[in-house]
Amino acid sequence: SSATTTGATTSAPSLDSSPAPTLAVKELMEHIIDPQSDWIFDAAVIDITKKGVNETKPLSEDDWLKVERGGYVLAESTNLLKIPRRMVPVEEEGKPHQPGEPELPPEQIQAKIEKDRALWYKHADGLKAAALEAVQVAKARDLDGLFKVGDKVDKACEACHLEYWYPGDREAVLKDQNSKVTYDPPAANKKK
């Protein structure tokens, strides 16, 4: 340690320190992953109503940069998922689980992850790949690609959720996903 001008001593930072998570997985999802994925999802939307079709798409460089930044932060956040951490904040641990709730209790989710951490990493890597693809789509200013990559990000998220958070809903969700019509933008929207 060394003396400071006030007479107090300080110690050198440890090079051996390992990452200490600040957030539980639930908080990481709520405060980082979900908001960043929304930057991708909300950038390209087609809303069909009785009044007609309302299309949202990136129009400015700032709009595209927001998608790019969202992709990068989402990709980097998958590394945070790989750091062992609580599933829920301390104050939520041990809360009684209500029968019939679709979400597994945190201790069951944690046990599933610990049983096969490689599968947890595989899901994180799938999200990372989709997020990095969103970055490339944004850099290319590819509107059609933005619709498609938003679907890939959504499926990467849902695959993990169906594995760990609500595995009992897997069959119904997969059936619903398979019945949906995928969007194929008109040729006029395609980048030349």
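The crossing of α4 and α5 is left-handed (the near helix is turned anticlockwise from the far one by less than a right angle). The model is predicted, with local features needing pLDDT of at least 70, side-chain atom pairs counted only at pLDDT 80 or more, and totals for chains, interfaces and linings using all residues. Residues are numbered from 1 along each chain as its sequence is written, and side-chain values use heavy atoms, with hydrogens and water left out. Helices are DSSP runs of H or I of at least four residues, numbered from the N terminus.

The axes of α4 and α5 are 9 Å apart and the packing angle is about 165 degrees (axes are lines fitted to C-alpha atoms over the stretch in contact, and angles run from 0 to 180 degrees between N-to-C directions). α4 is therefore roughly antiparallel to α5 (angles over 145 degrees).

The largest nonpolar core has 36 residues, and I40, W120, L146 and W165 have the most contacts inside it (a set of buried Ala, Val, Leu, Ile, Met, Phe, Trp, Tyr and Cys residues joined through side-chain atoms within 4.5 Å); buried means under 20% relative accessible area (1.4 Å probe, protein chains only). The largest share of this core, 10 residues, comes from α5. Beyond four places in sequence, W120 touches V25, L81, K82, I113, C160, Y164 and W165.

Key:
Buried means under 20% relative accessible area, exposed over 50%, partly exposed in between (1.4 Å probe, protein chains only). Helices (H or I, at least four residues) and strands (E, at least two) are DSSP runs, numbered from the N terminus. Contact means heavy atoms within 4.5 Å. Angles under 35 degrees count as roughly parallel, over 145 as roughly antiparallel, 65 to 115 as roughly perpendicular and the rest as oblique.
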